[in-house]
Amino acid sequence: MPKLATWNLDRPEAAERREAMRAHTDRERADVWVLTEANDAFTPGHPFSHSSAAGRDGLDEREHHWVTIWSQYPLKPLETPDDKRTAAARILPDSGAPFVVYGAVLPWLGSTWREHPSAGGVAFREALSLQVADWMRIQREFPEDEFFVLGDFNQDLVHPHYYGSRANRRELESALETAGLVALTGGDRDPIRRGSAPWACIDHICARRDSKWRTAPATRWPDLPAPERWISDHFGLSVTFSLA
């Protein structure tokens, strides 16, 4: 069964950074990657990929992507209503049932989204509302498929608080409940809080609450007290699944 992983690469323009990142992705050997703040010059080694529309706000549209999905299996891209900060694909393993992966970036504190201001969490709430409706639409379209949402949510799901806001946390918890999803990286499942406190997950891996797949505990890298900031200011996260 597959291993899914997500990592915010923080726009890896320097070759030295990309080489260090590749050492991590080679070691993790995930079957499907959701890379955020990605660059076309970096690949985890898989032959299949699907990117969100080119461009990260204010940066070179030819190279940077908010979200890129890489898979060792063939994939079929799916349309999303926010083609800048989301990407989705139906993964088609050589053996076993298809499953859907949805990659996402949600607004951080101080970030606008489309015409919505950051103040009061408006941008976060509006972007999340659009995404959760899309999560539910895709699940209706492929009701038999396992469904996963991975990416940079810019919001913790632990106590004590690390990053985000209480209001945004309530919005995110409600959205996951509405969509029938559970964060495998929240609460006492958070591998960063477990191994690198006071840091905590703001990137997440979410699965269906009624998933037929059993999950191993989420893991994080690097295995250090803090991320290797010269590579990325985010830890990477992975979850391995097996049949229940």
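I will start with helix α1, where R17, R18, A20, M21, H24, T25 and E28 are buried. This is a predicted model, so please keep that in mind for everything that follows.

Seen down the axis of α1, those buried residues fall within an arc of 165°, so they line one face of the helix. On the other side of α1 we find E16, E19 and R27, which are exposed. An α-helix has 3.6 residues a turn, so residues three or four places apart point the same way.

What do the buried residues of α1 pack against? They pack against the strands β1, β2, β12 and β13. Just after α1 comes R29, with a positive phi of about 50°.

Now to helix α3, residues 166–178. This helix has 13 residues and reaches 18 Å from its first C-alpha to its last, close to the 18 Å expected. Which residues of α3 are buried? They are N168, R169, L172, A175 and L176. Looking down the axis of α3, the buried residues fall within an arc of 130°, so they too line one face of their helix. R166, R170 and E177 are on the other side of α3, and they are exposed. The cover over the buried residues of α3 includes α2 (122–141), β9 (181–183) and β10 (203–208). Just after this helix, G180 takes a positive phi of about 70°.

Next, the whole protein. How many helices and strands are there? The protein has four helices and 13 strands. Its C-alpha trace spans about 45 × 40 × 35 Å along the principal axes. For 244 residues, a compact globule would have a radius of gyration near 18 Å; this protein has 16 Å, which agrees.

Of the 244 residues, 55% are buried. The protein exposes about 10800 Å², and carbon and sulfur atoms supply 50% of that area. Contacts tell us something about the chain as well. Taking contacts between residues at least 6 apart in sequence, 65% of them join residues at least 24 apart.

On to the inside. In soluble globular proteins, nonpolar side chains tend to be buried together. Here the largest nonpolar core has 28 residues, and the members that touch the most others are I69, I91, F99, V101 and F148. Which elements give two or more residues to this core? They are β2, β4 (64–71), β6 (86–91), β7 (99–105), β8, β10 and β13.

Take F148 as an example. Leaving out residues up to four places away in sequence, F148 touches L4, F99, V100, V101, Y102, C206, A207, W213 and F241. Apart from this core lies another, of 26 residues, with L78, W135, I138 and L172 among them.

Last, some details of the backbone. There is a cis peptide bond between H159 and P160, with omega at about -5°. P160 is found in the loop between β8 (146–152) and α3. The peptide bond from W221 to P222 is also cis, and its omega is near 0°. Where is P222? P222 lies in the loop between β12 (219–221) and β13 (236–243).

R11 has a phi of about 55°, and R11 sits in the loop between β1 (3–8) and α1 (15–28). The other is E37, whose phi is near 45° and whose place is in strand β2, residues 32–39.

E37 counts as buried because its relative accessibility is 10%, and the cut-off for buried is under 20%.

To go back to where I began: the buried residues of α1 line one face of that helix, and E16, E19 and R27 are exposed on the other side. That is the end of my part.

Note on methods:
Residues are numbered from 1 along each chain as its sequence is written. This is a predicted model: local features need pLDDT of at least 70, side-chain atom pairs count only at pLDDT 80 or more; totals for chains, interfaces and linings use all residues. Side-chain values use heavy atoms; hydrogens and water are left out. The expected span of a helix is 1.5 Å times one less than its number of residues. Buried means under 20% relative accessible area, exposed over 50%, partly exposed in between (1.4 Å probe, protein chains only). The arc is that of the directions from the helix axis to the C-beta atoms. Contact means heavy atoms within 4.5 Å. The radius of gyration is taken over C-alpha atoms; the globule rule is 2.2 Å times the number of residues to the power 0.38. Accessible areas come from the Shrake-Rupley method with a 1.4 Å probe; for residues, only the protein chains shown count as cover. A nonpolar core is a set of buried Ala, Val, Leu, Ile, Met, Phe, Trp, Tyr and Cys residues joined through side-chain atoms within 4.5 Å.
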